[in-house]
Amino acid sequence: MSPPGTPDPPLRVAIIGSGPAAFYAAEHLLKSPDRAVRVDMIDRLPTPYGLVRGGVAPDHQKIKSVIAIYEKIAAHPGFRFFGNVEFGKHVTRADLERHVHAIVYASGAQTDKRLGIPGEDLAGSHSATEFVAWYNGHPDFRDRHFDLSVERVAVIGVGNVAVDVARILCLTPEELRATDMADYAIEALSASRVKEVSILGRRGPVQAAFTTVEVKELGGLPGADVVVRPEEAALDALSAAELETARAATKAKVEIVQEFSRRTPAGKPRRLNIRFLVSPHELLGDGGGRVAGLRLAKNRLVKGPTGAVVTEPTGETEELPVGLVFRSVGYRGVPLPDVPFDDRAGLIPNVKGRVLDPATGTPIAGHYATGWIKRGPTGVIGNNKADSAETVNALLADAAAGALPTPARPDPADLETLVRERQPSFVSFADWKRLDRLEVERGQAQGRPRAKFTSVEEMLAALAGN
């Protein structure tokens, strides 16, 4: 038999996940000039695109335009999508090893990091991850409840996700109704009684992880005054020195924050505080098991053992009255069935995308990782392109070296037969395009980009009726 990568037989690759990293890996594989490749993309949900659909803020439609690129990739004759198919349940690692030469894990970072402080599990304490998934209509989170009858909310963290959460809490009903947010979330947020939102960062504005574009947007919210304490926006000597050699974007970000600190509130319905140099030490309860406040420790910046700027407590504390808390201090990956996992790092152990055997530290032939499950939850959508290229280059090099396993049943029809037996309700990319059209049509009737189906049952029923 010819080596895989000729028209007969083609190189068969399964990709687990359908977010940006998965699509960029598929693109790099299908554009390989030296070999014929067929890609089968498998996702637990009927809908593709991962965090582009379920994580990007619903009022940021321009970012979602990247989907047009993924649609072109999916149009390649060597591409198939198996949605509503769960890895480890409907198809296993052993199943795929019988049908493909290589598996690329692109499952992302699906959960959040915890704070590890007292009171974290009080009612009213949530991860930003679940709130974002809820308002974006993720089927797993559509039934979550967030008490929006409270007047004060804290968002712990100063990354872009924290900024998104705070901004969404401050949007007016008119702004909410112009998005593709889940209908139930629009209804709940429109009736919100929240008056004050505080974003809490443990370091200063120079070290804040949010981007210039994200923080600038907060200053133009129609329904909320943005407030920064002048003493927290001021730069200490370490931050000033760091800023001197920082990129232009960081300097612009600091200028925006300091401009906010000079503003006088205009009396808008809500107040959005951006705080720096404070760390949560305890969530305080109301005696009935619900969040009533946060005990914050005030920080100063010092140079750590490695030379990096770190925090140390000043010994001063304050109590912030809040009824709802969202932690946004990072994502982490979750294990996949029968796939090596580094629990401490929250990653699949790998070297340049080659998955490693934990016992020997050597690559497992035919197994690869890309995206956040490979490198950790860092970077924006575009960073996944180079990351996936590195992984796919390793895969193609292994194919050229004859280092990939030979599957027992490489015929593409055999894998589809297996999927149909295990999950008759799988969703093809053509099925998804029909769902997509229906969502857009529903949205257009309301003057919105789309109106999402938010349960698997709704999606399958819509497909059955169209």
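This is a predicted model: local features need pLDDT of at least 70, side-chain atom pairs count only at pLDDT 80 or more; totals for chains, interfaces and linings use all residues.
**View 1. R450 and D436 meet in a salt bridge, 2.7 Å from N to O.** Both R450 and D436 are buried. R450 belongs to the loop between α16 (429–444) and α17 (456–464), while D436 is part of helix α16, so their contact ties together parts that lie 14 residues apart in sequence. Look around the pair and you will find a network: salt bridges with shared partners join R53, E71, K433, D436, E439 and R450.

**View 2. D40 and R80 form a salt bridge whose closest N and O atoms are 2.7 Å apart.** Because D40 sits in strand β2 (residues 37–42) and R80 in strand β3 (residues 79–82), the pair ties together parts 40 residues apart in sequence. D40 and R80 are both buried.

**View 3. The side chains of E120 and R327 join in a salt bridge, with 3.5 Å between N and O.** E120 is found in the loop between β5 (111–112) and β6 (125–127) and R327 in strand β14 (residues 324–327), so this bridge ties together parts that are 207 residues apart in sequence. Here too, both E120 and R327 are buried.

View 4. Zoom in on L189 and, leaving aside residues up to four places away in sequence, you will see it touching F131, W134, L148, I168, L169, L176, M181 and R270.

**View 5. Aromatic pairs, of which the whole structure has 17.** Y24 and Y70 make an edge-to-face pair, 5.5 Å centre to centre with 80 degrees between the planes. Their link spans 46 residues, from Y24 in helix α1 (residues 20–30) to Y70 in helix α3 (residues 67–74). Both Y24 and Y70 are buried. The ring centres of F82 and F426 are 5.4 Å apart and their planes are at 55 degrees, so this pair is tilted. F82 lies in strand β3 and F426 in the loop between α15 (412–422) and α16, so the two tie together parts 344 residues apart in sequence.

**View 6. The charged end of R442 sits over the ring of F453, 4.1 Å from the ring centre.**

How values were computed: Residues are numbered from 1 along each chain as its sequence is written. Side-chain values use heavy atoms; hydrogens and water are left out. Contact means heavy atoms within 4.5 Å. A salt bridge is a side-chain nitrogen of Lys or Arg within 4 Å of a carboxyl oxygen of Asp or Glu. Helices (H or I, at least four residues) and strands (E, at least two) are DSSP runs, numbered from the N terminus. Buried means under 20% relative accessible area, exposed over 50%, partly exposed in between (1.4 Å probe, protein chains only). Rings of Phe, Tyr and Trp (its six-membered ring) pair if their centres lie within 6.5 Å; planes under 30 degrees apart count as stacked, over 60 as edge-to-face and the rest as tilted. A charge sits over a ring if NZ of Lys or CZ of Arg is within 6 Å of the ring centre and within 35 degrees of the ring normal.
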